[in-house]
Amino acid sequence: MTKIKFYSGLREIGGTVVAVETDKAVCIFDFGYAFVGRLDESVCTRKGHEAQDFMRLGILNRIDGIYESHAAGELNLKAYGETDKKYFAIISHMHIDHMGGLGCLDPKMPVYMSNDSAKLYKRMGVMGELEYREHENIQPMEYDSTITVEDIKVTCIQVDHDVIGACGFLIETEDGSICYTGDFRFHGFHPDVSSAFGNKCKGADVMITEGVTISFADVDMLSLEGPERTTSEYTLLEDMKERCRQEDGLIVINNYNRNVERIHQMIHALAKEKRQMALDSIQADYVNAFYPWDDFVVYIPEGGSTNNPSLREKKVIDRNELLTNPSKYVLQQNYKNIYELFDLKDVVSVYLHMDGAPLGDYDPSFAKFQSFLEVQGIKNEHVGLGGHAEPYYLRKMADIIAPTTLVPLHSFRPEQFNTEYAKEIVLPECGQSFYLENGKLVKE
Ligand SMILES: [Zn+2]
Ligand SMILES: [Zn+2]
């Protein structure tokens, strides 16, 4: 018997939590925060009660067999190790809506993710960028490798997304196969990797797919004849090279620091334009972890220092260097350091908002961010790409896999998802369970 339970993240973007349960094991994916709008950064969780507070908010799900005994006990749940089945989690990628809750799991519970995700996760822990605490039992997987936990087999299959290490999974039990796409796109550096995911999962009984880009407007997916988008990571690189030729001052970019490959590619593209990337210490650490031979400098604001041993070989520059030679650099800057621009704005030619936080209106910081740039008179442009496949490619992926049952989620309007190649489309409600029988989902 294989049961699939959909906990959360169905009609929202974030917090996808699904469990595949057999007679012997339970596989949970992913483990980010749901209903994140209920979180208020002005309020702290209580020490030693983090998981419980998140569960009471509904941001984490009440699930037996995954939390520490004190947390589970407080909420009348069975703790990790107290159930007769083996519990484990698989994580598609290092975006907070897919992994933010990891620190709340029992530290001994096995959590599988790609090698690259595990490497990034480790560095996020070192650099203080994790929510709550670092999970102890991370099990890295090679792409295309398979693990077996009791009677559940899981294969980690790479996809292209705007974070390094992203993958989806093919989960197999004696009752059938389930593929989970995670988040993916076709306008990144590796559209072939996303296509390959489709081919490797072809014929899966159940396909659980993201549907972010059909969230915001009416879309008739069946009528789409081709992609609308003309931009990609490659056009963004070309755009940056052109700007380096046009602008005679400092170019500042606000990117998302877990999209490590973008910065890596930019370092190489800009070298030809005689500009060097100046990275903040966290971004520098992430790039160095994956591409140790990349030639960049580390920007340390006044009063700061870097004692990161991994960056010992890298050249460090200060504000004076940027003020003296602004046209030699592209400065990568996290929003939290934006007050640096009080002292740099006279040499800034353009500020490029490039998928970094705050991303849009839904973030309470967004209006403040825009007003800062306006008041300081800093020319700025939005040149972000996002990480999600446009509707044409969402359908293409489903067409290739052609599952018996399609389950679109991770979308405000999953009911818009359509393909001629799935026998049925199921839209579960939060908390609903199904049995997998002959490739079909049967309500519990
Ligand atoms: Zn997502
Ligand atoms: Zn994502």
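**Exercise 1.** With which arginine does aspartate 160 form a salt bridge, and how far apart are the closest N and O atoms?

*Solution.* The model is predicted, so that local features need pLDDT of at least 70 and side-chain atom pairs count only at pLDDT 80 or more, while totals for chains, interfaces and linings use all residues. Side-chain values use heavy atoms, without hydrogens and water, and residues are numbered from 1 along each chain as its sequence is written.

Take a salt bridge as a side-chain nitrogen of Lys or Arg within 4 Å of a carboxyl oxygen of Asp or Glu. Aspartate 160 then pairs with arginine 185, the closest N and O atoms being 2.9 Å apart. Both residues are buried (under 20% relative accessible area, 1.4 Å probe, protein chains only).

**Exercise 2.** Identify the residues that touch the most other members of the largest nonpolar core.

*Solution.* A nonpolar core is a set of buried Ala, Val, Leu, Ile, Met, Phe, Trp, Tyr and Cys residues joined through side-chain atoms within 4.5 Å. Of the 96 residues in the largest one, Phe31, Tyr67, Ile253 and Met277 touch the most other members. Beyond its neighbours within four places in sequence, isoleucine 253 has contacts (heavy atoms within 4.5 Å) including Met240, Met277 and Leu352.

Terms used: Chains lettered and ligands numbered in written order. Buried < 20%, exposed > 50% of the residue type's maximum accessible area, 1.4 Å probe, protein only.
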